[in-house]
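Here is a short briefing for a reader who is new to this structure. It takes up a helix pair and then a pocket.

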Amino acid sequence: LETRKADGSNNNVSLFGFPEENDWVLHGPYSDKSLMRNAIAYTLAGWTMAYAPRVQFCEVVINGQYEGVYLFTEKIKRDKNRVDVAELNPDENQGDDLTGGYILKFDKWDGADNDGFTSDYPADLDGFGTTWFLYHYPKPDEITEKQKAYIQQWIRDLEFNLMSPYFDSPQYGYRQYFDVPSFINYLFIQEIGKNVDAYRLSTFFYKDKDSKNGKLFMGPVWDFNLAFGNADYCDGWQTAGWAWQFNEVCPSDAWVVHFWWERLWQDKAFLRETGLRWQDLRNDTLSNERIFGMVDSLYNMLVGPANRNYQRFQTLGNYV
């Protein structure tokens, strides 16, 4: 939804104490009977990543009709208080201006305004599938041909490096392109939730101008309503195992995990950094006590609203 002025122009406002903006999301967690999965995941990401959508539960009433519990959150977009990359205008087609900022994603082609390009490599290291990179910012109907050409070539160079024999070289390998800490933090949130959609759908990543650290950053996280055991396909109900190994569990699925993660897992230095970061986070930021406290606080907040929600939508005990 958008907050607008009477004349239809954007109305940048602060809602629920969030930074001022005009693009928002009301997520109805209909398929998530706990109502909490997105709120939990976004909160965990906010503790560990550069940015995660802020969240606030609310009850929605439209024209006097009660519509249940929704999660009010921020739409993923370029903004100094959201994905903080440089603005890229249609007239910026050369030099440092051309190098950022871009937001791309792996996702389905839902909606009318979509465009993107394919990877030069099969989606996984066994040679299966095709990966599409979709434009998110600049929008598909606003990005220029020169901007398309630039980001496509930049991704090609990245993937050529990642597939090379020297991919794990600290000086000449993929670290020239990837912001490794952001990949590690992103991985933790997906794996904590054992997200069946992880890495392959609703997967965002971004690149700023070269002059502002032009590496590729993973995130923000998005769409965990089927995570935390809430899917009845492709072992989505299992807590054991790795979400990034989805291709082994569902080898014929059309939406596969791109080979980036397989390749990273072949780098011993990446594994070592992942382990050290995990130990550090578990000591404080992602301790059991802090996580359980957050979940309990969400539960306590929802007791009354959830009862009203399930009077409106009688899905408890029924398959969704």
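Strands (E, at least two residues) and helices (H or I, at least four) are DSSP runs, numbered from the N terminus. The model is a predicted one, in which local features need pLDDT of at least 70 and side-chain atom pairs count only at pLDDT 80 or more, while totals for chains, interfaces and linings use all residues. Residues are numbered from 1 along each chain as its sequence is written, and side-chain values use heavy atoms, with hydrogens and water left out.

**The largest pocket**

- A pocket here is an open set of points, on a 1 Å grid over the protein atoms alone, where a 1.4 Å probe fits, with protein on both sides within 12 Å along at least five of seven lines, and its lining residues have an atom within 4 Å of a point.
- The lining of the largest pocket consists of 41 residues, and Lys75, Ile76, Lys77, His136 and Lys139 are those nearest its centre.
- Strand 4 (102-106) and strand 6 (132-137) each contribute at least two residues to this lining, and strand 6 gives the largest share, with three residues.

**Helix 1 and helix 7**

- Helix 1 (residues 37-48) packs against helix 7 (residues 288-312) at an angle of about 140 degrees, and their axes, which are lines fitted to C-alpha atoms over the stretch in contact, with angles running from 0 to 180 degrees between N-to-C directions, are 11 Å apart.
- The two helices, helix 1 and helix 7, are therefore oblique to each other, since angles under 35 degrees count as roughly parallel, over 145 as roughly antiparallel, 65 to 115 as roughly perpendicular and the rest as oblique.
- In contact, meaning heavy atoms within 4.5 Å, Ala39, Ile40, Thr43, Leu44 and Trp47 of helix 1 meet Arg290, Ile291, Met294, Val295 and Leu298 of helix 7.
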